[in-house]
Amino acid sequence: MSVNAWIIVGDQPTVGNLITVARALGGPVGAVVAGPRSVAETVAAGGVDRVVWCSAPGDVPAEASAPAVADAVAADPPRVVLSGRNPSERVLLGAAAARLGAAVLTGARSVSIDGGDVIVVNAVFGDIADETVAVSGPVALLLDGGPVPPADGGGAPIEEVSAAPLPLKVVETRMHDFDEVDLNSAHRVIGVGRGLKAKEDLTMIEELAQALEAEVACSRPVAEGLNWMGKDRYIGSSGAHIAPQLYLTVGISGQLQHMVGVTAAETIVAINSDPNAAIFQQTDYGLVGDLYQLVPAITAALK
Amino acid sequence: MKIVVTYKWTCDPEEATVRGDGTVDWSRAKPGISAYDPVAIELARRLADAAGAELIGLTAGGKGVGTPIATKAALSRGLDRVVIIEDESLREAGRSELAAVLAAAVRRIGDVDLVITGDSSVDVAAKMVPTVLAGELGWPAVAEVTAVTGQAGALRVERAIPGGVQVLEISGPAVLAASADAAIPHVPGMKELLAAGKKPVDQLELTGLDVPARSAVMTVTGRARPERKARRGQLIDTADPAAAAAELVTALRAAGAL
């Protein structure tokens, strides 16, 4: 059986979305797994037709299996090869793309096959524009991996290959004793922009965040330039792309480069003193006024 | 030891606008060293100093990447010399093609022990050039690197993982993509800017490099502005902040956002 699409998997079976995309192309779907055997088993039960498992010693990271992954993919060359976005998946996809001489696209909104071409609608330059690209030849796509696929009752056969891993090994793993911000899993997010006058005023925003059970994020100048917040908290084309239930902006003008990071938000609220700010064209509820009056008033109203 | 650090001379999409037909207008954007590349150069400089290594900057791109202003901007950040591939055909090159060109240049430079790259380019932000580059060279790649120490053939690399840090040992050449905050790049002073003008700049011809042909050919067949979700666009009267807040909270509860 020759596959139409290969899915590349690292040490997490978070590939639900990749299976959906690969299946929609029609034709057989294979998965190459460079992680523990348990990951290969989860993927095999999740709706693919065949699984190649690259086994490796325990102290070797998934990246070390890059040549084995590239070999497996090149042995049965696909139209499309897909992976999720985490660092080891990117490395494995890069190795496969190099071996295939494949085109690489990372902003696919849709993928289809039209005769000899793979057609991809691809967001470019931090999602500020879309390009439709026709690719003749193999395409490597970096996509959101999605959840762990539920077992679909079937079980694809697992072929084990063991190739010499690249010379790198894990010698130590240290976990932080603090929680990292995960804007993607927050149901509600407050976005702070340059409308805030001083760093101390973030206290007022924190109070609103507490009342709202929200995470605090920001626009790029607040993280890079003012340095009021870490870069992991900035939303926009080159920062985080989030899809919360509620995105409440405070003093953000609504530049395209910021708003592409929140297009998937369910509800958007904007507080801004400038009635002509672009943000008001893109919100569900707009409040034109002084944020120093409105933010405490909303905090009070929530209590 | 020979360390190559790749960098990109390009424009920031924050300064671009998108026309109604989906084409991107860069006319108001000024090119510069891509945002995260100074981080990679700083990280590489510290390693080169500790290991007594040569540090070579490498870039490939369209016309402009080899101008004195561009090479001086890179060299003043601490590179010993730069290798440039300036060819207008690379302006619209895909990730895969660019990585293959960089790999050919690394082979041409010869005896390279380590390639360090930035986290991502400010314009395309694909985070894939270092990984395809490693694939082309047959070297291991590690991304999100926060620290690197050691010597050629015996590197100790720290990389960020969700909730922590992992330490890796690499014996042999490798491609490392620095995390966005791996180092705080220093701002070059006048002395460094002046010295940059005297450092070697090697221009390589694209046609003289051994770049394997790509199997895939990409053709752009359409452009568009991204579709936006329809929004209510309801303005809440703010003459009385308390009343406005109450109205907002009521509306958000009704919409299921709270």
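## Contacts of B:A257

Two residues are in contact if their C-beta atoms, placed from the backbone, lie within 7 Å. In this predicted model, B:A257 touches A:Q245, A:L246, A:E266 and A:T267 of chain A, together with B:L252 of chain B, when residues up to four places away in sequence are left out.

B:A257 lies in the segment after α6 of chain B. The residue has 23 other C-beta atoms within 10 Å, so B:A257 is buried. Between the C-alpha atoms of B:A257 and B:A152 there is a separation of 55 Å, and along the chain these two residues are 105 residues apart.

## Interface of chains A and B

Chain A contributes 79 residues to the contact between the chains, and chain B contributes 73 residues. On the side of chain B that touches chain A, at least two residues come from each of the helices α3 (95–109), α4 (129–137) and α6 (241–254). The strands β9 (141–151), β11 (164–170), β14 (217–224) and β15 (234–235) of chain B also supply at least two residues each. The largest share belongs to α6(B), with 9 residues. By class, this side of chain B has 40 nonpolar, 18 polar and 15 charged residues.

Strand pairing also links the two chains. Strand β8 of chain A, residues 129–136, pairs with β14(B) in the antiparallel sense over 7 bridges. Within the pairing, A:V133 stands opposite B:V220 in β14(B).

## The parallel sheet of chain A

Chain A holds an open sheet of 7 strands with parallel pairing, in the order β5-β9-β4-β1-β2-β3-β10. The edges are formed by β5 (103–105) and β10 (158–161) of chain A; each has a single partner strand, so one side of each is left without a neighbour in the sheet. On average, and with direction ignored, neighbouring strands of this sheet are turned by 20° against each other.

One of the pairings in chain A joins β1 (residues 5–9) to β4 (residues 80–83), parallel in sense and with 4 bridges. Here A:W6 stands opposite A:V81 in β4(A).

## Helices α3 and α4 of chain A

Two packed helices are described by the angle between their axes and the distance between the axes. In chain A, α3 (residues 66–75) and α4 (residues 87–100) have axes that come within 8 Å and cross at roughly 45°. Angles from 65 to 115 degrees count as roughly perpendicular and those under 35 degrees as roughly parallel, so α3(A) is oblique to α4(A). Their crossing is right-handed.

From α3(A), the residues making the contact are A:A66, A:P67, A:V69, A:A70, A:V73 and A:A74. From α4(A), they are A:V91, A:L92, A:A95, A:A96, A:R99 and A:L100. The contact of α3(A) with α4(A) has 11 nonpolar residues, no polar residues and 1 charged residue.

## Helices α3 and α4 of chain B

In chain B, the axes of α3(B) and α4(B) are 8 Å apart, and the helices pack at an angle of about 50°. The two helices are therefore oblique to each other. α3(B) passes α4(B) in a right-handed crossing.

The α3(B) part of the contact consists of B:R95, B:S96, B:L98, B:A99, B:A100, B:L102, B:A103 and B:V106. The α4(B) part consists of B:V129, B:V132, B:L133, B:E136 and B:L137. By class, the residues of the contact of α3(B) with α4(B) are 10 nonpolar, 1 polar and 2 charged.

Notes. Residues numbered from 1 in each chain as written. Chains lettered and ligands numbered in written order. Predicted model: local features only at pLDDT ≥ 70, side-chain atom pairs only at ≥ 80, totals over all residues. Pairing = 2+ DSSP bridges. Axes fitted to C-alpha atoms, helices over the stretch in contact; angles between N-to-C directions. Parallel < 35°, antiparallel > 145°, perpendicular 65-115°, else oblique. Left-handed = near helix turned anticlockwise from the far one by under 90°. Nonpolar A, V, L, I, M, F, W, Y, C, P; charged D, E, K, R; others polar. Buried ≥ 20, exposed ≤ 12 C-beta atoms within 10 Å, placed from the backbone.
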